[in-house]
Amino acid sequence: MTDASPLAGPSDALGAPAADADSAAAKAPADAQSPASLDAAALDGQPVFTGEAPAGKTFWANLNSPFGVGLFLTLGGLVAIALGLAFWNLSTIIIYIVFALFAALGLDPVVRWFGGHNVARPWAIVIVYTAFALVFTGILLLVVPALVGQISQFFGDIPDLVDEFQASDFYGWLNSTFGTEVGTILDQVEAFLTNPANIAAIGGGVLNFAINVGTTISGLIIVLVLSLYFLAGLPAMKVAFNRFAPARSRAKAAAMTEQITDSIGAYLMGMVVLAFCNSVVAFLLHLFLGLPFPALMGVLAFLITLIPLIGSVLYWMTATVLALFTGWLPALIFAVIYLIYMQLEAYVLTPKVMNRAIAVPGALVVIGAMVGGTLLGLLGALVAIPVTASILLIIKQVFIPRQDAKL
C-alpha cells in the first residue's frame, strides 16, 4: 500500500474533495474572503455578499442606522406639531396682519392717484387717512345711534310685527296651505324673541358681549395702525420681496408683483364701492317704501354684499323675506326694484369698477368665497378672490410657460 501524498489527490486534511472546499469558500462571508477570491467570484458570475440589502428591497431594509432615522422623524413630527400650535395661538394676530396688508393694498391706488397729482407720498397718506377717519366718524355718528335705537325698537315691536304679519294675506295663504302649525311656530318664535334671557343667551351674555365689543375695537385700532405702516413702506416691501427672486428673474418678478398688487387694490376698492352702492340703494328703498329699520338694513346690505358674487343675491332674498312682515305689496316692490338694480350692477357698474382687476372664472369665485368664508369668515370671503386671482396669474405666467418649454 502506498501512502497518499499532497500531490496524489485533491483532498484537504479532513479528506473532503477540493470542489467542496471551493464551494464552502464561495459561501463564506465577504469579510472572510480575500479580494482575489471576490474578484474571481465576480468574474465567475457567482453572488457576492456585501452586507447591504439589494436595491429592490424596501426603504426600511436599506437603512444602516434605524435609530437615528427614527429619532430624526420623531423630532421632525414634534417640531411640526409645535409650529401648528404656534400658528393656532397666533391666528388672531395673523388675521390682523393679513387684514392690514389688504387694507394697505386697497388704499394704495388712492395714494398713488394723489402722487400722480404732484403730492408727496407721506402727505398723500395723511390725506387719505384723514379723509377715511372723517368718513368713518361721520358714518358712526349717523348710523350707530339710529342702529342701536332701531335694534331696541325691533325687539320691542316684535309683538306688533307678529300681529301685522298674522293680519297679512301672506299669512292667510300659509295658514290655509300648511294648517294651524304655522300659528304655533309663530307663537314659539315670538315667545323666544321676547324673552330677555334668550336674547342674552344668543349674545353670549352681557359680559361676553362687552368683551367682544372691546376686542373688536382694539382689533380695528391694530389693523389701522398696521395698515398705516404697511402703506408707508409698501414700495420698500415690494423691492425686498423681489430680491428673493434670482437676479435673472427679478424684472419679471417685479412686473408680476406690480400687476398682482394693482389688481388686489383695484378689486378691494371696487368691492367697497359696490357694497356702498348696495347699502345706499337698500337704505333708500326701505325709507321710501316705509319698510322698518332702514339704517339697520343699509348696514346689513353693506356687510353682506361684500361677499363676492353671491352677496347681492343673499341680501335680496333676506330683505325680501323681512319685508313680507310689512306686507306683500311693499315686499314685491322692493324685490322688483332691487332685482333691477342687481342687473344694473352686474352689467354696468361692475365692469366699470373692476376694469383693472384680474378676471377670475365664476366657478373659482364661488369656490374661493366658500373656502375663505369657512376659514376666516367675512374677511376670508373678501380676500379669497384676489388670492385666487394672484395664484392664477402666477400659474399663467410662470408654471405654464415652463411646461410649454419642455419638449
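Which residues in α13 meet which residues in α14? In this predicted model, Met 297, Leu 300, Ala 301 and Ile 304 in α13 meet Gly 311, Leu 314, Tyr 315, Ala 319 and Leu 322 in α14, where contact means heavy atoms within 4.5 Å. The residues of this contact divide into eight nonpolar, one polar and no charged; Ala, Val, Leu, Ile, Met, Phe, Trp, Tyr, Cys and Pro count as nonpolar, Asp, Glu, Lys and Arg as charged, and the others, Gly among them, as polar.

**Basis of the values**

Residues are numbered from 1 along each chain as its sequence is written, and side-chain values use heavy atoms, with hydrogens and water left out. Because the model is predicted, local features need pLDDT of at least 70 and side-chain atom pairs count only at pLDDT 80 or more, whereas totals for chains, interfaces and linings use all residues.

**The chain as a whole**

The protein chain has 16 helices and zero strands, both taken as DSSP runs numbered from the N terminus (helices H or I, at least four residues; strands E, at least two). Buried residues make up 26% of the 407 residues in the chain, where buried means under 20% relative accessible area, exposed over 50% and partly exposed in between, for a 1.4 Å probe and protein chains only. Among contacts with a separation of 6 or more, residues 24 or more positions apart account for 64%.

| Helix pair | Axis separation | Crossing angle |
|---|---|---|
| α12 (residues 250-288) and α13 (residues 294-304) | within 8 Å | roughly 155° |
| α12 and α15 (residues 328-353) | 11 Å | about 160° |
| α13 and α14 (residues 311-323) | within 9 Å | roughly 155° |

On these angles, α12 and α13 are roughly antiparallel to each other, as are α12 and α15, and α13 and α14 are likewise roughly antiparallel; angles under 35 degrees count as roughly parallel, over 145 as roughly antiparallel, 65 to 115 as roughly perpendicular and the rest as oblique. The crossing is right-handed where α12 passes α13, where α12 packs with α15 and where α13 packs with α14. A crossing is left-handed if the near helix is turned anticlockwise from the far one by less than a right angle, and right-handed if clockwise.

In the contact of α12 with α13, the α12 residues include Val 272, Ala 275, Phe 276 and Asn 278, and the α13 residues include Pro 294, Met 297, Ala 301 and Phe 302. By class, the residues of that contact comprise 11 nonpolar, four polar and no charged. Toward α15, α12 presents residues including Gly 270, Leu 274, Cys 277 and Asn 278, which meet α15 residues including Phe 334, Tyr 338, Tyr 341 and Glu 345. The contact of α12 with α15 has 11 nonpolar, four polar and one charged residues.

**Individual positions**

Asn 278 is found in helix α12 and is buried, with a relative accessible area of 1%. Leaving aside neighbours within four places in sequence, Asn 278 is in contact with Ala 301, Thr 305, Ser 312, Tyr 338, Tyr 341 and Glu 345.

Val 299, found in helix α13, is partly exposed, with a relative accessible area of 27%. Val 299 and Ala 275 are 24 residues apart in sequence and 9.7 Å apart in space, C-alpha to C-alpha.

Asn 118 lies in the loop between α4 and α5 (121-156) and is exposed, with a relative accessible area of 77%. The phi of Asn 118 is near 60°, a positive value in a residue other than glycine.

**Nonpolar cores**

A nonpolar core is a set of buried Ala, Val, Leu, Ile, Met, Phe, Trp, Tyr and Cys residues joined through side-chain atoms within 4.5 Å. Of the 19 residues in the largest such core, Phe 102, Ile 264, Tyr 267, Leu 268, Val 360, Leu 382 and Ile 385 touch the most other members. The elements that give two or more residues to this core are α4 (91-115), α12 and α16 (362-405), and α16 gives the most, with eight residues. Not counting residues up to four places away in sequence, Ile 385 touches Tyr 267, Pro 308, Val 360, Val 365 and Ala 369. A second, separate core of 15 residues includes Ile 304, Ala 319, Ala 331 and Tyr 341.

Technical notes: Axes are lines fitted to C-alpha atoms, for helices over the stretch in contact, and angles run from 0 to 180 degrees between N-to-C directions.
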